[in-house]
Amino acid sequence: MYLVHRYISFRIMQHYSGMAIMKKLFIVLSLFMLASVQAQETATISGFIREDATGEPVAYANVFLAETALGAASNVDGYFVITNIPAGNYDLRASMMGFGQYRAAISLTFGQTVRLNIRLKEVSILTDEVTVTAERQKFERTIESSNISLDIREINAAPAFIEADVFRTLQMLPGVQTSSDFSSALYVRGSTPDQNMIMLDGISVYNPYHLGGIFSTFNTDAIKEADFHAGGFPARYGGRMGAILNIINREGNTERITGSGNVSLISTKGLLEGPIPQWNIFKGSWMISGRRTYFDKIIDLLHIPIGSSGDNNGDTGEQIYLSFPYHFYDYQIKTNLDIGFDHRLTYTRFYGDDILDFEGSDTETYDNGEGSTETETTFGLHWPWGNHTNGLTWRWIVSPTIVAKTFLSNSRYRFDFDFSVEEISDYSTIDSTEHYEISYGLGLYDIIKDNTIETEVIWKLDEQHSISGGFQVKEVNFDLGMGFNIATLDTTLNLQPLELSNKTRESSVFLQDKWDISPLLKLQGGLRVTDYSLHDSLYIEPRLGLKYIVSHNISLKFNWGRYHQFLTTANSPDETLRLVDLWMGIPEEYPASVSEHSIAGIEYLSPKDILFRVEAYYKGFDNMLTLKQGELFSENEGELEVTPFNEFWKTDAYAYGLELLIKKSTGKLKGWIGYTFARTFYKTPQAGWYAPNFDRTHTLNIVGNYNFTNRAQISASLSNSSGNPYTPIIGRIYDWEQYLSIGSFWNEKGSYLVGDKNSSRYSSYFRIDLGFTSKTKELFGLKYSKYYQLINISNHTNIMTYTYRTIIDRSNGNKLGVQRRPVPMFPLIFTFGVKFEF
Amino acid sequence: MNSNNLSLRIWIIILILITNSCYAPQEWEDLESDLEPVLNVYGLISLDPDVNSFVRIYRTTDLEELSAILVGIDSIWYSEEDDFWWIDSIYEPANIITDAVVTVWSGEDSTQFHYVPREYSWEFDKNNYQAAEGLFTPQANTSYHLSIVAPGFDTVTGYLTTPEIPVLIDSLIQDSVSRDQPYEIFWQTISETKGFISGSLIYEDQFVEENGFVDICGAWFERVVDLDDGHYTLPPEFCLSDTGFSSPIPYYLRLVSMDENYYEYFILGETGDYSNFLLDAETTIGRAVGIEGGYGLFGAIGSHAIELTFLP
């Protein structure tokens with residue numbers, strides 16, 4: 001190991017161009033693999049644990065040899081390995097809460113390697129057998145702070161807005177804040193959503209929202225687990241300085257074809273999964289799911305008249321009906337192909353789009369007796385935005401203790417706003433006819449194409465060390481622009497007032513060691529080194545995790561890490577609603593944004609597996625970028641020019657807080673209580689220090705789910721927090737506007753005088769949601785369940801922003817004082833839906 | 001309790017909730033503020049003989065008080081599209097300071113500016129402080145100080161250095177402007193000074209009577225220029241149709257020089273610190289450019305204009 005470390009250090013010092021590092025890394029990885037072929041004096045048991053009915057991997061299952069201290073936990077792929085087993089006869093057991101225990105008698109000889117495919121049968125009746133919960137496994141084995149995994153049952157357990165949403169559930173966890181009910185974006189410990197790495201099966205997704213953030217793009221029916229790191233994440237992850245969320249999709253049923261569906265007020269979802277029949281050494285599974293909203297179709301079917309097109313002669317034209325020209329859809333595909341025991345290929349695809357699409361036309365005729373004019377105007381808006389990802393993963397079990405994964409992925413996010421108007425006019429008199437045509441077009445687009453290759457090798461060196469290392473090369477193309485065109489019969493003008501594009505490459509290597517220094521002390525140290533193609537310097541990111549086990553039920557944790565980010569969004573920092581993000585790579589002239597996370601925590605897992613976690617954190621940020629807004633001109637090398645999209649304030653920030661989580665994951669009553677005390681401060685040269693508009697000082701979230709019969713389940717959530725900050729208006733003032741052409745005028749312009757940035761707060765946020773599910777009924781052979789949801793049952797007015805008006809004295813027309821009225825978030829909403837499965 | 005009973009009970013609760021709490025419209029709320037009022041000043045030193053130097057003085061206004069007074073109607077017009085009569089009203093600030101002592105001085109020369117009230121609503125150059133006729137003739141490249149003492153307010157002071165008066169070089173400028181040809185404009189260079197160049201049609205009474213007010217494509221422009229350059233080329237304009245006129249129209253080309261304060265206030269503008277599309281007016285953090293003790297501007301301009309013709 002010493003030699004390996006020396007080799008890596010030496011080579012990194014010598015050559016730090018991205019590709020050179022990649023080449024050297026392959027050599028290092030080869031050394032890892034060679035080292036694994038060491039003489040085995042003991043035996044090894046490895047294998048996969050899967051659900052018997054579906055073949056889905058069982059994560060966090062406990063595999064152990066009875067009456068020994070030897071054992072392991074399965075990872076998220078269901079893979080486990082027990083090493084250093086002396087030769088002999090053993091009683092191997094595998095267990096997981098909710099499943100029957102697996103037992104097998106195993107005889108091992110020196111150097112023997114045994115591979116198992118363990119199938120656990122789901123049971124609904126608890127036995128007296130000692131089983132280990134996933135919570136216990138995570139408690140004992142995880143060194144990282146601030147990590148929480150939610151499985152599909154937990155995601156579905158919380159009351160949802162219309163339909164279950166993983167982001168909405170995550171927003172109820174400590175440390176996660178939201179800007180408003182209308183956004184499912186995650187603000188984590190002072191970090192904005194663009195600082196979070198959102199991944200679907202390991203592939204980056206750039207704008208994972210539908211309808212401006214009201215819904216996330218991830219269809220919960222397809223999700224197996226959401227692995228969330230609020231901070232202090234290990235060296236394996238990089239490129240973002242906020243949080244990591246990896247959505248892991250289901251693998252697909254390996255035993256039989258099954259399906260499920262969900263019909264809610266806004267959309268219908270469906271999922272089908274099944275096996276790929278075994279042929280020779282090939283075996284696999286597939287899963288496909290999709291969703292589409294249908295409000296547009298329903299409105300069309302209802303044929304609601306809203307008027308008629310007409311001309312200025314009073315003739316009634318065609319009837320016009322109400323339309324809702326917006327919908328979104330997404331679909332996901334995942335297939336797994338096992339090639340023997342050691343190799344697996346996984347292909348995942350996600351495609352989701354929001355589409356605002358409408359067109360219309362109007363015809364006007366005018367006849368003054370001497371001639372007539374007929375003008376036909378057609379206009380159209382076509383605006384799709386969304387994500388498209390493809391990923392291919394090759395998992396290779398090099399040896400029982402070495403697993404290598406290679407990802408090849410591309411991810412594309414784009415929005416493409418295209419608005420056009422066309423006018424065709426014919427002017428006719430007795431003597432002549434004239435024909436005019438003119439068209440206008442406006443386009444605004446932002447396209448990101450991310451191509452990534454990544455290899456990770458995990459090597460369980462011995463019972464004390466688990467080493468992982470790898471590389472990642474991420475090439476991102478950003479293309480942001482605006483186009484405008486005017487065309488007549490003889491002339492065409494094309495303008496491109498905005499055209500920003502760049503191509504960046506992040507080349508990273510990482511290495512980390514999970515080291516059990518003693519039974520009570522564990523350490524996870526790591527290093528990530530990144531070369532960013534637009535900058536000359538290397539970015540070095542050390543990571544450290546420490547865990548001290550005070551007792552069987554109590555542990556102390558400390559995590560520290562340094563994180564860089566090489567892209568940003570150019571959105572207004574004060575906007576109330578955000579429909580799309582404008583992404584761009586960190587320009588050459590700006591340094592990479594950087595953050596340091598320091599997290600200390602204590603965890604207690606009660607004998608009934610209720611987790612109590614308290615964590616304190618401090619995050620410092622440097623070199624963040626905040627879009628300059630509203631400035632018309634800027635000086636550039638002495639020249640005055642219109643401020644482009646990529647002018648930013650250099651922004652520093654810090655955040656600190658204290659979080660409490662009490663989580664119960666088993667029994668009839670499940671759920672969690674989360675409390676967060678959080679303070680975040682940003683600093684720009686112009687505004688000084690201020691709390692960003694997502695900052696909420698105190699947040700209390702309670703989420704509960706109670707199964708009181710096998711067929712009825714009730715869920716509830718309560719969220720109470722400090723109000724979000726906003727900039728108050730404190731008075732009125734006159735600015736002046738100049739008119740200097742043929743005359744000279746300077747007119748007063750009444751303006752609101754604002755106070756310090758974000759120095760006021762809206763009233764406290766309060767919301768209670770209720771959900772009820774009645775299940776296990778059958779209709780035409782389909783099992784189905786009904787669910788009802790009530791959002792904001794107290795109809796509490798949670799203020800998103802204010803609208804203002806000046807009072808006019810009706811008697812004399814004078815302008816009096818100013819009034820404001822809240823623009824509320826969700827009112828009381830009732831929704832319902834049906835789920836079915838076969 | 002079986003699930004059917006539970007379901008029924010939940011339905012009853014739902015019905016009660018829905019019937020008792022709907023999406024209630026939010027009430028308007030009067031806003032109050034306890035802003036300590038300060039003077040809101042616009043002082044202009046004009047080197048243009050056609051424009052008087054003046055100082056306008058208001059005060060900042062609390063949110064609950066009268067802010068503007070209706071003084072007249074500019075125009076009333078009917079919109080066929082909206083089927084509605086629109087009225088463009090003329091307001092003046094309700095909180096004009098009329099009893100201030102305003103002094104402008106340069107070196108030993110000191111001039112008192114006195115309040116000149118507006119008698120008619122169209123007198124936009126009134127309701128401000130001006131020097132008595134002939135008593136104040138500002139000079140180029142000269143430092144000027146401003147002092148405003150108003151009862152109940154902090155004293156406001158200001159300072160600026162006037163720019164040079166720009167000179168368009170008539171001999172190098174073509175007599176006529178054509179919108180589909182580049183147009184070269186020349187002036188005598190002024191170092192480290194920003195300028196504002198504009199062109200517009202001169203709507204003579206006869207022209208308006210015959211044609212009404214028309215907005216001819218390519219017949220108007222505004223640019224910010226660096227007066228050190230001495231030259232600007234106006235690019236041709238893309239127009240969709242011809243002007244509709246057969247004879248040349250008088251055209252006015254004007255070059256304005258600005259002092260640093262004026263340039264910062266009107267050209268660089270304010271970096272928006274807060275945006276909310278639901279506000280019914282713009283916002284400002286309150287700027288003071290060239291003055292201390294209040295908000296506003298103390299700036300200066302010089303100007304030169306020539307008449308040309310605009311080719312149809």
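Residues are numbered from 1 along each chain as its sequence is written, and chains are lettered from A in the order in which they are written. Because the model is predicted, local features need pLDDT of at least 70 and side-chain atom pairs count only at pLDDT 80 or more, while totals for chains, interfaces and linings use all residues; side-chain values use heavy atoms, with hydrogens and water left out.

Where contacts (heavy atoms within 4.5 Å) join residues at least 6 apart in the sequence of chain A, 66% of them join residues at least 24 apart.

Several sets of paired strands stand out for description, two strands being paired if DSSP finds at least two bridges between them. An open sheet of chain A holds three strands in the order S4-S1-S7, with mixed pairing. Its edge strands, S4 (79–85) and S7 (113–120), each pair on one side only, and the twist averages 20° from one strand to the next; angles run from 0 to 180 degrees between N-to-C directions, with axes fitted to C-alpha atoms (for helices over the stretch in contact). S1(A), residues 43–51, pairs with S7(A) in the parallel sense over eight bridges, and Ile45(A) stands opposite Val114(A) there.

Further along chain A, S35 (residues 610–627) and S38 (residues 648–664) run antiparallel and are joined by 16 bridges, with Tyr618(A) opposite Tyr656(A). S38(A) also pairs in the antiparallel sense with S39(A), residues 669–684, over 13 bridges; here Lys663(A) has Trp672(A) as its bridge partner. S38(A) and S39(A) form a hairpin with four residues between them, and Gly667(A) in the turn has a positive phi of about 90°.

In one of them, the closest N and O atoms of Glu456(A) and Arg236(A) are 3.3 Å apart. The pair links distant parts of the chain, 220 residues apart: Glu456(A) is in strand S26 (residues 433–460) and Arg236(A) in the loop between S15 (223–229) and S16 (244–249). Both Glu456(A) and Arg236(A) are buried. Asp353(A) and Arg414(A) form another salt bridge, at 2.9 Å between the closest N and O atoms. Asp353(A) lies in S23(A) and Arg414(A) in S25(A), so the pair ties together parts that are 61 residues apart in sequence. Asp353(A) is buried, at 3% relative accessibility, and Arg414(A) is buried too, at 14%.

The two chains meet through 82 residues from chain A and 80 residues from chain B. Between them they bury about 7,700 Å², 59% of it on carbon and sulfur atoms; buried area is the accessible area (1.4 Å probe) that two parts lose on being put together, summed over both. In chain A, Arg732(A), Trp736(A) and Trp746(A) lose the most area to chain B, together 11% of what that side buries.

A sheet also spans the chains: three strands form an open sheet in the order S44(A)-S45(A)-S17(B), with mixed pairing. S44(A) and S17(B) are its edge strands, and the twist averages 50° from one strand to the next. H3(B) packs on the sheet and touches S44 and S45 of chain A, its direction making about 100° with that of S44(A). Among the buried residues of H3(B) are Tyr262(B) and Phe266(B). Three salt bridges cross the interface, including Glu282(B) with Lys749(A) (3.1 Å, N to O).

Definitions and conventions. Buried means under 20% relative accessible area, exposed over 50%, partly exposed in between (1.4 Å probe, protein chains only). Helices (H or I, at least four residues) and strands (E, at least two) are DSSP runs, numbered from the N terminus. A salt bridge is a side-chain nitrogen of Lys or Arg within 4 Å of a carboxyl oxygen of Asp or Glu.
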